[in-house]
Structure formats: C-alpha cells, structure tokens
Amino acid sequence: MTGRPRTFDLDEALERAMRVFWRHGYEGTALSDLTAAMGINRPSLYAAYGNKEALFRQCLDRYHRGPARHVQEALAEPTARAAAERLLRGTVEVVTRAEGPGCLLVHGALATGPGAEGVRAESAARRAAHRAALRARFELAARAGEFPPGTDPRVLADHLITVTYGLAVQATEGTPPADLHRIAAHALDCWPH
C-alpha cells in the first residue's frame, strides 16, 4: 500500500515556512501558523519536513542559500574591504525586506524557552561558523598585506559581525533603510587604511 501523492510543492511550502519563522521567530511561530502559511495539514508537514525544529533547520538552510547568500558571496570578494562592503550592504538589504524585518539567524531563535535548546544551539553554531569564516578571510587578507601593521584581523572580523547583527536588531525596531545604510557606510569609513 502506498501513501497518497503530495498535492503541494515542497520548495514553495518551505519558502512560506521560512517567511513565517523570519517574521515571528521560532518560539513565536505556532504549528497552526506554519500549516496555514504552507497550505498543508499537520500530518503532511510532519511527513514532508519532520517536526517544527527540523523544519526550522531546513528554513535556516534555505535562508542562507537564498536571502542571506550575500554572506557567502562576501567571502569570495577579492579584498577584505570589498568583503566587508558586500557583507554590510547585503545585510541592510536583507534585514529591511518585507519578509523580516531583521535576520532569521539573529532573532529567529535568540528568545526561546527551555524546549528549544536545540534550535538555540543550532543558530549559535551557525553564527559562530560565520564569524570563523570571516576571521579566516581577514587573516588571509592580513597575510597578503591588506591591513596596516598592528591591525588584528580577528578583532576586525568580530567588529564587522557585531555591526551586521546590530543592523538586524535596528531593522526589527523600525530603523529606516537609509539610516542603516549610513551606519554601514560609517563602519566602512572606519576601515583600516
């Protein structure tokens, strides 16, 4: 005996779930919110994606491949300065989208209760991986002579990550995109020459 064939598009439903998590965060999203947005029932959600936590992880993957792809693209820029500019400007674009505002990775799982340790840990691990990748990129730039003597590429990377997360928080508070772009430009004005 075989199950009934799916009557929904897995990819489209995942996109809709990502948008719900992005807007409301992990804890703020009920299964009923997800099923309504995805146009499916609970058994179909569980069969296709697993539980809520598994779905959230898939949404994080989708977020990084889609709206937040600028993070990986920034690492491929030819200079550290270009990487910083791509990261900051891309962050402003993402955190001010209608789906947000803010960043799914920053606010999606920060405020969670005791039952969501796995989601919180997953988000923290992904943020740590981004930080490590940026540190490695800036350490490479330092060895290539892109920074003046005495510049600590790890601190510079940590500073940049802190600014990007701050931009995401500011966006959730309603700071206009033009103001966020000015903050990003100021961070770039402070770049070591």
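**Arg126 and the interior**

Modeller: At 16% relative accessibility, Arg126 counts as buried, where buried means under 20% relative accessible area, exposed over 50% and partly exposed in between, with a 1.4 Å probe and protein chains only. This is a predicted model, in which local features need pLDDT of at least 70 and side-chain atom pairs count only at pLDDT 80 or more, while totals for chains, interfaces and linings use all residues. Residues are numbered from 1 along each chain as its sequence is written, and side-chain values use heavy atoms, with hydrogens and water left out.

Arg126 belongs to helix H8 (residues 117-143); helices (H or I, at least four residues) are DSSP runs numbered from the N terminus. Leaving aside residues up to four places away in sequence, Arg126 touches Arg57, Leu60, Asp61, His64 and Leu105, contact meaning heavy atoms within 4.5 Å.

The largest nonpolar core has 56 residues, and Leu34, Met38, Tyr49, Leu55 and Phe138 touch the most other members. Such a core is a set of buried Ala, Val, Leu, Ile, Met, Phe, Trp, Tyr and Cys residues joined through side-chain atoms within 4.5 Å. Helix H9 (residues 153-172) gives the most to this core, with 9 residues. With residues up to four places away in sequence again not counted, the contacts of Phe138 include Ala80, Phe147, Leu156 and Trp191.

Cys103 is also buried, at a relative accessible area of 13%. Its sulfur lies 14 Å from the closest cysteine sulfur, in Cys59, too far for a bond. A disulfide is a pair of cysteine sulfur atoms within 2.5 Å, and by this rule the count comes to 0.

Note on methods:
Helix = DSSP H or I, 4+ residues; strand = E, 2+ residues; numbered from the N terminus.
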